[in-house]
Structures are given as C-alpha cells and as structure tokens.
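I opened this model to look up a few points. My notes follow the display.

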Amino acid sequence: MESKKVDSFSNWAGNIKFKPEGVYYPETEQEIVDLVNSANKSGKKMRLMGAKHSWSALIETDDYLVSLDKYNNLLEVNKEAKQVTVQSGIRLHELNEVLWQHGLSMSNLGTITEQSVAGAISTGTHGSGINFGNISTQVIGVTLVKASGEVIAINQKENTHLLPAVQISMGALGIISTITIQCEEAFYLKEESYPLSFDDAMEVLDEQLNTVEHFKMWWFAHAPKVQMYRWYRTKDKLKPRNKGVAFLEDKFLTNHFFGFLLKAGSAFPGLIPSINKFINLVHFKKINRVEESYNVFSIVLPPKHRECEYAIPVEHAKEAIVAYKQMIEEKKFKVNFVVEIRFVKGDDIWLSPSYKRDVCYIAAYQHNVRRWDEFLQCFEELMGQYDGRPHWGKEFKINPEVLKERYPMWNDFKDLMKKFDPKGVFQNVMTRHLFKN
Ligand SMILES: Cc1cc2nc3c(=O)[nH]c(=O)nc-3n(C[C@H](O)[C@H](O)[C@H](O)COP(=O)(O)OP(=O)(O)OC[C@H]3O[C@@H](n4cnc5c(N)ncnc54)[C@H](O)[C@@H]3O)c2cc1C
C-alpha cells in the first residue's frame with residue numbers, strides 16, 4: 001500500500017494544520033482492514049479524508065491519515081432499481097459522469113462536486129430543494145469496517161436499524177468501505193433564474209420555495225439584489241450556456257477576477273460594500289438554460305475562504321434572514337462572500353441537521369477574516385435563537401451540551417460509537433470534544 005510521510009498537512013481552506021505520522025492510500029477493502037488492525041495493534045488512532053474540504057477539524061490526527069483516493073471504483077449498477085454501488089473514495093464529479101453514461105443521475109447535489117462520496121455523506125452535505133433531502137438520504141446501504149476489523153453490511157435488509165446512524169457519522173463509527181446510492185433516471189434541469197430586490201425576495205420566498213423544485217438564493221451583503229436560483233426537471237431540449245461564456249465565467253471570472261476582488265476587499269474592508277454592489281451588477285442576471293442535472297446543480301471550485309452554515313426550521317427562514325441582515329448592519333461586519341440560502345427536506349438520520357424537520361440553511365461565508373471569530377459568534381448566537389444546528393463540515397464553536405439538546409438521538413449515537421469503537425481508534429480531538437459527555 002502506498003504511504004507518505006509529510007512534514008505538515010492542512011485541509012483545503014488551510015485553517016486546520018497538523019502533522020500525521022503517515023498518509024495511507026489503501027486500494028482494497030482488505031488493505032483497509034489491515035490498516036485498522038495495525039492501528040489497533042500499535043495503539044494508534046486513524047482518521048479518514050476525502051477531498052479534505054471540510055473546514056471543521058474532522059480529518060486532523062497525529063497518527064494515521066487515510067485517503068481512499070485509490071479505492072474509487074464503480075462496483076455495480078442495477079439499472080432497473082436505479083441503484084449503484086461504489087467504493088467510497090470515488091469523487092462526486094467522477095460518479096456523476098459514470099452515472100450519466102448509465103442513464104442515471106443523483107437526485108440532488110451541493111454547489112461543488114470535488115468531494116468524495118464518503119466525505120460528502122459523512123458530514124451531511126446538501127443541495128437545495130424543499131422536497132429533497134441531503135445527499136446522505138440518497139444512501140441506501142454501506143459496508144463498514146469497524147474498529148475490530150470486522151466488516152458489516154448496513155442496508156435495507158441487514159442491520160437496517162443502523163442505517164440512520166451511519167448515514168452521517170463523521171468517520172466516528174468506522175470506515176465506510178462501499179456505498180449504495182438510490183439514483184433516478186438521468187434528467188436535465190431547466191434553469192430560470194433572475195435577480196430581485198432583497199425585500200421582494202423575502203416577499204416571494206414562501207411561494208418560490210413551494211413551487212420551484214430546486215430553489216436557492218444568493219445574496220451579497222451590502223448590495224441590493226438577491227439572485228433567485230430556480231431549477232426544474234425538464235424534458236426540454238438541451239440549451240447549454242455558450243461554451244465561450246461558460247469558459248469565461250468559470251475559469252476567468254470565478255477563479256481569477258472574483259478571487260482578485262475578494263483579496264482587494266480583505267485588504268481594504270472599506271471597499272467591500274462597493275465591490276459587492278459591483279459583483280451584484282455583473283453576476284446577478286437572468287439565466288435561461290437547460291443542461292445535464294449535475295452541470296446545473298454545481299459550479300466550479302471558488303477561491304479559498306471560510307464557512308459556517310446552520311440549518312433552522314424552515315418556518316423561521318424569512319425572519320432569520322432579515323435578522324441576519326440586520327445583525328451585519330448593526331455590528332458593521334464587512335462580508336465579502338456570498339450569503340447562500342438553501343432548503344432541505346426533513347429526514348430520519350440521527351445526526352442530520354434536518355432530523356425530523358424541513359430546514360432552511362443559512363450561510364456565514366467570509367474571505368475577509370479580520371473579525372471572523374466575532375462574526376462567527378454573533379452568527380451562531382443568532383442561529384441559536386431559531387434552534388439552529390451546524391453543518392458538521394463547516395466551522396462552528398457551539399457548546400456540545402447545547403448540541404445534545406438539539407439532537408434527540410445524540411446519546412444513541414454516542415452509545416453506538418462506544419460499542420463499535422471502545423478504544424476510540426477512530427476518534428480525534430474534535431470528535432472527543434463533541435461527544436465527551
Ligand atoms: C468550496 C466548497 C463548497 C462546498 N459546498 C457545499 C455544499 O454545497 N453543500 C454542503 O452541504 N457542503 C458543502 N461543502 C462542504 C463539504 O461538502 C463537506 O465538508 C464534505 O464533508 C467534504 O467532503 P470531503 O470529501 O472533502 O471530506 P473530508 O472533508 O475530507 O472529510 C469529511 C469527513 O468525512 C469522513 N470520511 C471521509 N471518508 C470516509 C470514509 N470512507 N469512511 C468514514 N468516514 C469518512 C472524514 O473522516 C471526515 O470526518 C463545501 C466545501 C467546499 C470547500
């Protein structure tokens with residue numbers, strides 16, 4: 001098995017830095033089991049990583065850091081049932097293309113597709129659409145390598161009661177080896193997006209939410225308009241973005257020009273309101289197109305920045321968004337990244353921010369990190385007023401005691417963790433902090 005020694009390691013955003021003893025790249029399930037047995041024997045800990053895109057300290061470890069980048073094959077396609085089984089290191093963008101070739105699509109996706117499927121589901125990665133759950137809800141089965149080295153199947157026939165525990169488990173129950181996903185017939189999405197004033201957007205929020213299949217909003221603080229993203233399944237003919245325009249928007253505008261504006265705003269925060277108004281003017285516009293579902297759901301990777309995101313019950317959405325705007329104005333925060341507002345259907349997954357409730361996800365993203373800690377604290381306090389639950393893959397500082405109150409199945413998850421991993425082989429500083437009591 002390939003392994004590497006590194007002097008230091010960091011997540012994608014660079015806010016988490018650490019030095020693992022080694023980075024390991026198993027290529028088979030047996031090699032994964034061997035690694036677990038070796039960690040057990042030598043009293044080492046281990047953490048898994050996907051694309052290391054999480055902002056929270058989930059991949060941090062002093063011991064074994066394990067990547068499944070070489071364990072990323074498609075294993076089985078059941079066309080009739082529209083189900084696929086994959087090795088869990090496969091990246092979402094790789095999976096999307098393979099699925100399309102087999103006439104299948106994932107029902108919903110987040111904003112980017114760089115993540116590994118295991119990484120995405122382990123933190124509850126989500127897209128938008130009030131009748132669609134997060135990506136973990138599309139998982140109907142996994143095989144799990146436990147701390148003992150035993151491999152168990154968890155699916156609709158075996159160990160079914162464990163499925164809602166493992167669907168979002170932050171690597172704390174074991175290593176997810178294979179994943180079976182319920183897909184649907186490949187579909188195109190029609191996009192009919194447009195900008196509206198902030199007040200008008202709030203006025204029509206409920207109606208849009210209930211009538212548009214996949215609805216989300218982007219707003220730049222200090223700027224007047226909200227982009228209303230509206231996507232529907234369609235049988236209409238493909239009508240993609242012009243290739244030149246797509247190249248310009250994805251490669252030049254998103255990566256270079258937007259990156260330059262973010263850096264300028266972070267260096268001179270006084271410029272941020274004007275920069276945001278400018279971005280508003282050039283980026284928020286009418287869009288009419290029809291493309292492959294995964295091309296509409298996702299965009300290219302944006303420049304590095306910091307993120308926190310909370311899910312609150314959907315009925316508080318409008319009030320909380322308005323209160324958030326007010327907080328930014330009153331505290332004079334200069335926010336130079338998009339405020340993303342999305343909607344997700346409730347589910348039964350124990351550690352899901354949308355456990356037993358339909359939610360609105362509200363984002364606190366920043367490139368300008370001068371007052372990041374204060375911004376984060378105010379944002380988390382505000383979301384707390386609405387019974388908010390944080391996205392596990394993003395930054396948060398909420399007290400675990402409070403989390404315990406907000407998650408009815410918290411103790412059940414903790415008990416299972418202890419049962420599956422009594423010596424804490426899969427634990428790190430973050431999971432020990434979360435589940436200490
Ligand atoms: C630019 C950007 C855009 C994003 N957009 C969205 C979005 O639209 N919606 C959203 O909800 N989130 C979004 N995120 C957050 C992201 O989806 C999550 O942080 C996700 O977990 C990252 O996946 P990853 O493959 O990088 O996993 P990592 O960050 O590498 O790992 C995440 C967790 O998964 C665990 N893990 C990985 N593989 C396994 C395995 N085989 N078995 C057990 N545990 C495993 C790790 O131990 C860790 O706990 C975004 C992140 C970035 C950087």
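**Entry 1: ground rules.** I am working with a predicted model, where local features need pLDDT of at least 70, side-chain atom pairs count only at pLDDT 80 or more, and totals for chains, interfaces and linings use all residues. Residues are numbered from 1 along each chain as its sequence is written. Helices (H or I, at least four residues) and strands (E, at least two) are DSSP runs, numbered from the N terminus.

**Entry 2: the four-stranded sheet.** I looked up the strand order. The sheet is open and mixed in its pairing, and runs β1-β4-β6-β5. Pairing here requires that DSSP finds at least two bridges between two strands. Axes are lines fitted to C-alpha atoms, for helices over the stretch in contact, and angles run from 0 to 180 degrees between N-to-C directions.

I then checked β5 against β6 (residues 64-67). They pair in the parallel sense over four bridges. Met46 stands opposite Tyr64 of β6. Helix α1 (residues 29-42) lies across β4 (22-25), β5 and β6, and runs at about 175° to β6. Contact means C-beta atoms, placed from the backbone, within 7 Å.

**Entry 3: the ligand shell.** How many residues surround the ligand? I get 33, and the closest are Gly50, Gly110, Gly119, Gly171 and Gly393. A residue is near if its C-beta atom, placed from the backbone, lies within 6 Å. β5, α3 (117-122) and β12 (175-182) each supply at least two shell residues. α3 gives the most, with four. By class, the shell has 15 nonpolar, 16 polar and two charged residues. Ala, Val, Leu, Ile, Met, Phe, Trp, Tyr, Cys and Pro count as nonpolar, Asp, Glu, Lys and Arg as charged, and the others, Gly among them, as polar.

**Entry 4: strand β18.** Seven of the eight residues of β18 (residues 306-313) are buried, so the strand is largely enclosed by the rest of the structure. Buried means 20 or more other C-beta atoms within 10 Å of the residue's own, exposed 12 or fewer, partly exposed in between, with C-beta atoms placed from the backbone. β18 pairs with β20 (residues 359-366) in the antiparallel sense over eight bridges. There, Ala311 stands opposite Tyr361. With β21 (residues 389-390), β18 pairs antiparallel over two bridges. Tyr310 has Pro390 as its bridge partner in β21.

**Entry 5: Phe278.** I found Phe278 in helix α7 (residues 272-283). Is Phe278 buried or partly exposed? Phe278 is partly exposed, because 14 other C-beta atoms lie within 10 Å.

Definitions and conventions. Contact = placed C-beta atoms within 7 Å.
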